[in-house]
Amino acid sequence: MLLLWDCIFLPLPFAFQNDCQSKPIDFGSTCFYEARKPFVDHLLTRIDGMSDEEVRSFVETSIENHKGLVGPLNWDHVDEEWLKRLAFHLGGHRLSVICRRFVKNLSLYCSGLPDLTLLREDSRGDAMSHVLFVEVKGERDKLMDNQSDWIEFFQQNMVNFELCQVGVWSLRHG
């Protein structure tokens with residue numbers, strides 16, 4: 001949501017009922033995107049065309065402009081350097097498609113996200129080889145529909161994803 005901050009806080013009619021609101025009244029609703037569609041689409045098209053370094057710089061500027069402001073982020077839990085590295089390695093296109101998915105229906109797509117987002121910081125090579133989303137499942141766990149939707153989304157958008165099945169191993173002495 002950091003990248004969409006200016007779209008979130010557009011001064012739209014009835015979006016803010018009082019000065020104490022930390023987000024617009026329609027935030028998280030299916031109406032949210034439609035009310036801001038031209039602004040969101042313009043911004044995401046711009047992000048889509050950014051180089052990796054431009055994306056990193058855009059995230060850095062967004063942090064500088066909004067850090068500490070009351071809004072949909074808990075700044076105590078934001079690792080600024082990690083966010084900049086993640087944006088750099090995802091690149092403009094992947095970052096824009098992920099943001100677009102969220103903004104279209106935040107309450108729906110916030111659930112089912114993978115358990116882990118891993119970043120590898122060695123030689124550049126293929127940028128996406130540096131980002132891996134991981135869903136962890138135990139022996140008796142199964143994927144929920146919303147998790148399957150995220151996996152399908154990642155596959156369609158060429159975002160690295162792994163399903164990690166964990167179990168109990170026993171050694172038998174014979």
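Contact here means heavy atoms within 4.5 Å. Helices (H or I, at least four residues) and strands (E, at least two) are DSSP runs, numbered from the N terminus. The model is predicted: local features need pLDDT of at least 70, side-chain atom pairs count only at pLDDT 80 or more, and totals for chains, interfaces and linings use all residues. Residues are numbered from 1 along each chain as its sequence is written, and side-chain values use heavy atoms, without hydrogens and water.

**Helix packing**

Two packed helices are described by the angle between their axes and the distance between the axes. Axes are lines fitted to C-alpha atoms, for helices over the stretch in contact; angles run from 0 to 180 degrees between N-to-C directions.

| Pair | Angle | Axis distance |
|---|---|---|
| H2 (residues 31-48) and H4 | about 175 degrees | 9 Å |
| H4 (residues 80-104) and H6 (residues 145-156) | about 150 degrees | 11 Å |

H2 and H4 are therefore roughly antiparallel to each other (angles over 145 degrees count as such). From H2, the contact takes in Phe32, Tyr33, Val40, Asp41, Leu44, Thr45, Ile47 and Asp48; from H4, Gly92, His93, Leu95, Ser96, Cys99, Arg100, Val103 and Lys104. By class, eight of these residues are nonpolar, four polar and four charged. Ala, Val, Leu, Ile, Met, Phe, Trp, Tyr, Cys and Pro count as nonpolar; Asp, Glu, Lys and Arg count as charged; the others, Gly among them, are polar.

H4 also meets H6. Here Val97, Ile98, Arg101 and Phe102 of H4 touch Asp149, Trp150 and Phe153 of H6. This contact has five nonpolar, no polar and two charged residues. The crossing of H4 past H6 is right-handed, meaning that the near helix is turned clockwise from the far one by less than a right angle.

**The sheet**

Three strands form an open sheet with mixed pairing, in the order E1-E2-E3. Strands pair if DSSP finds at least two bridges between them. E1 (116-119) and E3 (161-165) are the edge strands, each with a single partner, so one side of each has no neighbour in the sheet. On average, neighbouring strands are turned by 30 degrees against each other, direction ignored. E2 (residues 131-137) and E3 run parallel, joined by five bridges. Val136 has Cys164 in E3 as its bridge partner. H4 packs on the sheet and touches E1 and E2; its direction makes about 80 degrees with that of E1.

**Trp82**

Trp82 lies in H4. Its relative accessible area is 26%, so Trp82 is partly exposed (buried is under 20%, exposed over 50%, partly exposed in between; 1.4 Å probe, protein chains only). Beyond neighbours within four places in sequence, Trp82 contacts Thr117 and Leu119. The C-alpha atoms of Trp82 and Leu119 are 8.6 Å apart, across 37 residues of chain.

Definitions and conventions: Angles under 35 degrees count as roughly parallel, over 145 as roughly antiparallel, 65 to 115 as roughly perpendicular and the rest as oblique.
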